[in-house]
Amino acid sequence: MEDSIKKEIEQLKRKKDVVILAHYYVDGQVQELADFVGDSYFLAKKATEVTEKNILFCGVSFMGESAKILNPGKRVVMADGTADCPMAHMLDIDRIAEVRREYADAAVVCYVNSTAEIKAYSDVCVTSSNALRVVRALPNRNIFFVPDENLGRYIASQIPEKNFILNDGFCHVHTSIYKEELLHAKELHPDALVLSHPECRENVLEISDFIGSTSEILSFAERSEAKEFIICTEMGVFYELELKNPNKKFYSVGHRQFCPNMKKISLEKVLYAMETLEPVVEIDEKLRIKAAKPLSRMLELAK
Ligand code: SF4
């Protein structure tokens, strides 16, 4: 069954001129048939480079929106139109106006995990891979970092010369990794290095050996001479970690490192989206033009 679905998807890719982009957090079997798999930064960049007429996105809605914002001429289809990231909505645009009134030179730095509307009111977007580079390159001293508080706090700790104003958004998957459970995992695997995503809580990052985006965690594990790792990010990354490092061991911290929205994407849904080229991502053109500026600025500054 699974094999016949994969075969049909492969045939439809060619017939309908579709490229499949998938995030590291979707199921391994979906990653396996994608043309490109990566983190948000890689996928946003890739979406501007692909030549196919149609992009099928296996990820949550802000990723499809970013692809459409950067590629208005392409049809961007979501594998599941209901897969959404709760953190993307954790900011009110009135709060942006309030901070801008309070800090005349504030740059609103928006993590890509945000709605098109929030992006449209921001100065520049960042991903967890390029946030340090992009924020350092900004001339502004005051940085309003939205929507994720933990990532903002981590970036602030690395750039002490700037003043950060943080928003109280969070990722429920990464914040469900607790220090106590991590300490227990360290006891069980005393030789393992702890690799954590900066969306994790501050007290988890404090006892981590490496902090980085999903793709940075992957390349660290590949380069490292260590043989065991405790991974503090979404479980989907284990597919690529184990594929690339068959002789190394990877452990999770608990049973909650699981994004229910990313996991909505199944092979059956990919096939359906491929057959129908629906649901399609639509964005009001005025909003799209406004939201394209901070995204393009990110791609420029992160070069
Ligand atoms: S893992 Fe967290 S940040 Fe990523 S899509 Fe899921 S809820 Fe959003």
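Predicted model: local features only at pLDDT ≥ 70, side-chain atom pairs only at ≥ 80, totals over all residues.

Residues are numbered from 1 along each chain as its sequence is written, and side-chain values use heavy atoms, with hydrogens and water left out. Four strands form an open sheet with parallel pairing, in the order β2-β1-β3-β4; helices (H or I, at least four residues) and strands (E, at least two) are DSSP runs numbered from the N terminus, and two strands pair if DSSP finds at least two bridges between them.

**The four-stranded sheet**

- The edges of this sheet are taken by β2 (36-38) and β4 (75-78), and because each has a single partner strand, one side of each is left without a neighbour in the sheet.
- Neighbouring strands of the sheet are turned by 25° against each other on average, direction ignored; the axes behind such angles are lines fitted to C-alpha atoms, for helices over the stretch in contact, and angles run from 0 to 180 degrees between N-to-C directions.
- Strand β1 (residues 18-23) runs parallel to strand β3 (residues 54-58) and is joined to it by five bridges, with Val18 the bridge partner of Asn54 and Ala22 that of Cys58.
- On to β4, the parallel pairing of β3 rests on four bridges, and Ile55 has Val76 as its bridge partner there.
- Together with helix α4 (residues 61-70), β3 and β4 make a right-handed β-α-β unit, where right-handed means that, with the strands pointing away from the viewer, the path from the first strand over the helix to the second runs clockwise.
- Helix α13 (residues 267-276) lies across β1, β3 and β4, and runs at about 160° to β3.

**Burial of β3**

- Strand β3 is largely enclosed by the rest of the structure, because five of its five residues are buried; buried means under 20% relative accessible area, exposed over 50%, and partly exposed in between (1.4 Å probe, protein chains only).
- Asn54, Leu56 and Cys58 point one way from β3, whereas Ile55 and Phe57 point the other way, and all are buried.

- Strand β7 (residues 142-146) is mostly covered, with five of its five residues buried.
- The cover extends to both faces of β7, where Asn142, Phe144 and Val146 on one side and Ile143 and Phe145 on the other are all buried.
- Strand β5 (residues 107-111) pairs with β7 in the parallel sense over four bridges, and Val108 stands opposite Phe144 in this pairing.
- Strand β8 (residues 163-166) also runs parallel to β7 and is joined to it by four bridges, with Phe145 standing opposite Leu166.
- Between β7 and β8 the chain passes through helix α8 (residues 149-158), and this β-α-β crossover is right-handed.

**Cavities**

- A search of the whole structure finds two cavities of 30 Å³ or more; on a 1 Å grid over the protein atoms alone, a cavity is a set of points where a 1.4 Å probe fits but cannot get out.
- The largest cavity has a volume of about 250 Å³, a volume being the space filled by probe spheres set on the points, which are joined across faces, edges and corners.
- The largest cavity is lined by 27 residues, of which Tyr25, Cys85, Asn113, Glu199 and Met262 are the closest to its centre; lining residues have an atom within 4 Å of a point.

**Selected residues**

- Ser196 lies in strand β9 (residues 193-196) and counts as buried because its relative accessibility is 0%.
- Neighbours within four places in sequence left aside, Ser196 is in contact with Val204, Leu205, Ser208, Phe210, Ile211, Gly212, Ile217 and Cys232, contact meaning heavy atoms within 4.5 Å.
- Tyr103 lies in the loop between α5 (93-102) and β5 and is partly exposed, with a relative accessible area of 24%.
- Residues up to four places away in sequence not counted, Tyr103 touches Asn142, Asn163 and Ile165.
- Glu10 lies in helix α1 (residues 2-16) and counts as partly exposed at 30% relative accessibility.
- Glu10 and His255 are 245 residues apart in sequence and 33 Å apart in space, C-alpha to C-alpha.

Notes:
1 Å grid on protein atoms, 1.4 Å probe; cavity = no way out; pocket = protein on both sides within 12 Å on 5 of 7 lines; lining within 4 Å.
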